[in-house]
Amino acid sequence: MIYQCLIVEDERELAEATSEYFNMFDIKSAFVEEGKDCFKFLEENQVSILLLDINLKNENGIDICRKVREKYDLPIIFISARQKDDDILVALSSGGDDYVKKPYSLSVLMAKVKATLRRLELNNNEKECTDEKINYNKTDKNSNYTLVSEEENIIKLDNRNFTIIYKGKKIYLKAREFALLQELYNHRGEIVTKEELFETVWQDGFYSDSTLNVHIRRLREKIENDPSRPQLIKTIWGTGYKLDIWEND
């Protein structure tokens, strides 16, 4: 069967209330209380989004997230009573896409889920692969960049497969990572504010800086020579990010 949302939560009353609320608003949902039931459900059904508690009775949601990521590429939103920034960063670094603190508002949580579903629908409706080739050897009014060789001066973006080819290398990205890079790419050389990224990539304003920071870090790990000293995705402190292409020394 096809479900839009699976909730992994051992507080049964909360899980039932959340599931019933979502179903009331035509978001087909179900819930399980343990990790093993989560994996069984994912094997037997098609699920769009996973809502995952961290503090389960006999398991840790972080471990479940990592195991899910080994087999499935679906958005994972953590729901947890843990409030510290460190907990949020660990959860997002383990593969989570967002983090909602308990107690949560059902309407706000549903808004997050709907925004994520809209993004998935847009991606799934992309029937044609869009390849863009940009030659940075040709200077225009928006370009101050040069690259080392003919092989390196072409970037290809593949919307259907969420891949890019950079410096002759094919790099696979997750859907959200690709959307984030594409937005920066569309405005290369310009500062893109955090608010603009939330609106275009996440399509709502409910996400936190921690969510964005983790996704930027994942991108840097995949495309930067030294992610700790990024040369492509630059942080503009207090504002946002900028995608630059530089000639290597």
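At what angle do helix α4 (residues 85-93) and α8 pack, and how far apart are their axes? The legends below take this pair and its surroundings in turn.

**Overview. The protein chain holds eight helices and 11 strands.** This is a predicted model: local features need pLDDT of at least 70, side-chain atom pairs count only at pLDDT 80 or more, and totals for chains, interfaces and linings use all residues. Residues are numbered from 1 along each chain as its sequence is written, and side-chain values use heavy atoms, with hydrogens and water left out. Helices (H or I, at least four residues) and strands (E, at least two) are DSSP runs, numbered from the N terminus. Of the 249 residues, 47% are buried (under 20% relative accessible area, 1.4 Å probe, protein chains only).

**View 1. Helix α4 packs against α8 at about 40°, with axes 10 Å apart.** Axes are lines fitted to C-alpha atoms, for helices over the stretch in contact; angles run from 0 to 180 degrees between N-to-C directions. Ile88, Leu89, Leu92 and Ser93 of α4 meet Ser210, Thr211, Val214, Arg217 and Arg218 of α8. Contact means heavy atoms within 4.5 Å. By class, the residues are four nonpolar, three polar and two charged. Nonpolar covers Ala, Val, Leu, Ile, Met, Phe, Trp, Tyr, Cys and Pro; charged covers Asp, Glu, Lys and Arg; the others, Gly among them, are polar.

**View 2. Helix α6 (residues 175-186) packs on helix α7 (residues 194-202) at about 130°.** Their axes lie 10 Å apart. That makes α6 oblique to α7. On the α6 side, Arg176, Ala179, Leu180, Glu183 and Leu184 take part; on the α7 side, Leu197, Thr200, Val201 and Trp202. Six of these residues are nonpolar, one is polar and two are charged.

**View 3. Three strands form an open antiparallel sheet, ordered β9-β11-β10.** Strands pair if DSSP finds at least two bridges between them. β9 (191-193) and β10 (233-236) stand at the edges with a single partner strand each, so one side of each has no neighbour in the sheet. The twist averages 30° from one strand to the next. Four bridges join β10 to β11 (residues 240-243). Thr235 stands opposite Tyr241 in β11.

**View 4. Helices α7 and α8 pack on the sheet.** α7 touches β9 and β11, and its direction makes about 70° with that of β9. α8 (residues 209-223) touches β10 and β11, and its direction makes about 150° with that of β10.

Key: Parallel < 35°, antiparallel > 145°, perpendicular 65-115°, else oblique. Buried < 20%, exposed > 50% of the residue type's maximum accessible area, 1.4 Å probe, protein only.
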